Amino acid sequence: MSQSPGCKMPDILKTDEGKERRVGIEIELSGLGYETLVNLMARFLEAEPDLRSRYVTKLETDLGTFTIELDSDPIKDLDLADDRLPDSIRELGGQAMEVIDAAAERIVPLEIISPPIPFSDAPRIEALTEMLRKEGALGSREAIYYAFGLQLNPELPDLTPDSLVRYLQAFAALYEWLKSRHQLDISRKFTTYIEPWSSRYTEILMRDDYAPDQEQLMRDYLEYNPTRNRALDLLPLFAHLDSALLGRYVDDPRIKSRPTLHYRLPDCDIDNPSWHFSSVWNDWIILEQIASNASQLAELRALFREGNKISLRNLTHSWLDTTSDWLQSRGYV
C-alpha cells in the first residue's frame, strides 16, 4: 500500500470576504450494502442516521449535513409504504424490492455527498476514504459496468470574470495531464459526462487578450458547451451568477445553483491501495497555484497555443508530454 501524500492547501485559502474557502465532495462507490455504508459513516462521523426515504439518509455532523444515497432516482423514489396502494400490491412489491435492492446495490453506485466543508478539513475526507477501503468499498476498476467518480465542488476565491478566466485557462491547459492521472477506468472513458470543452471554445479562452465581462464569459462558454456533461462543469456556477442567461441556453432541472466549479473528471478508485483522495486533491491544488500565478499561467498558455500549431515537434511530442515536462520543471511534480 502506498503512503498517502497528505492534503496540501492553496496559497489563496480565503474568499474575498475573508472566510475560509469550502469544497463539496461527492464519492461514488460499491461493494458495501446501503445499511452497512450508513452505519460505517455514522460511526466515523459520530452522527445519528436520519432515514429520509428508501435510499436517502442524512447525517448531521460538526461539518454540516452529509447525505448517503443510491444514485438512481427511480429506485430511490419507490414508496411501497404509500397507503394508497392495495395491500396485495404492497406485499408483492415488497418481495420484488428485495430482488431489486440486491441488484441495485451491485450495479448502481452508492453516493456520499458532503456538505460544503472548509479546505483545511480535506484530510478528514482522506481518512474517510481510507476507512471505507479497509471495510471493502469498491471503485471503478472492479467491474466493466462500474463508472464511479470522485467529484470536487471547490468554492472560488472570488467571482470576478478575471478570476474565473484564470481558473478556466489553467484547467484547459492541464486537462490532458489531469485526465492521464485520474481518469483511469475504461467504462468512464466511454461515457459522455466527462467530455472536454469544445476546442473552438478553448481557442477563444486561451487568447492573450481574452478579458470578457461576466455576460460575455457565460455566452462564450454556453455557445460551445451548453451541457452539464463536461469534465469541468460550469453550469452550477452560471446558475448562481445569472440563472436567466443560463436558461436561454440550457433547461435542465438537475442544475443546482452554487458559487463553485464542478470538477467531474476523476475516477473513484477507492479499492486500489495506491489510490488516495489526497492525490486527486493535490493535483487540483496544482491547478489552483497556477491560476493564481500570472506569469506561470501566461507561460503555460503560450505553450498551449504553440502546441496546437502544425509543426514537426508537435508531430513527435504530445501536449501531455509538454505539460508533464513543464510541471516537472516548475517543481509541481
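Residues are numbered from 1 along each chain as its sequence is written. As the model is predicted, local features need pLDDT of at least 70 and side-chain atom pairs count only at pLDDT 80 or more, while totals for chains, interfaces and linings use all residues; side-chain values use heavy atoms, with hydrogens and water left out.

Let's start with the salt bridges. Side chains of opposite charge can pair when their charged atoms come close. Here a salt bridge is a side-chain nitrogen of Lys or Arg within 4 Å of a carboxyl oxygen of Asp or Glu, and the count comes to 13. Here are three of them:

| Pair | N to O distance |
|---|---|
| Arg181 and Asp283 | 2.5 Å |
| Arg254 and Asp252 | 2.8 Å |
| Arg330 and Glu299 | 2.1 Å |

Take Arg181 and Asp283, whose side chains meet in a salt bridge. Arg181 sits in helix H5 (residues 161-182) and Asp283 in helix H10 (residues 277-291), so this pair ties together parts that are 102 residues apart in sequence. (Helices are DSSP runs of H or I, at least four residues, numbered from the N terminus.) How much do they show? Buried means under 20% relative accessible area, exposed over 50% and partly exposed in between, using a 1.4 Å probe and protein chains only. Asp283 is buried at 3%, and Arg181 is partly exposed at 37%.

In the second pair, Arg254 is exposed at 53%, whereas Asp252 is buried at 18%.

Methods
Helices (H or I, at least four residues) and strands (E, at least two) are DSSP runs, numbered from the N terminus.
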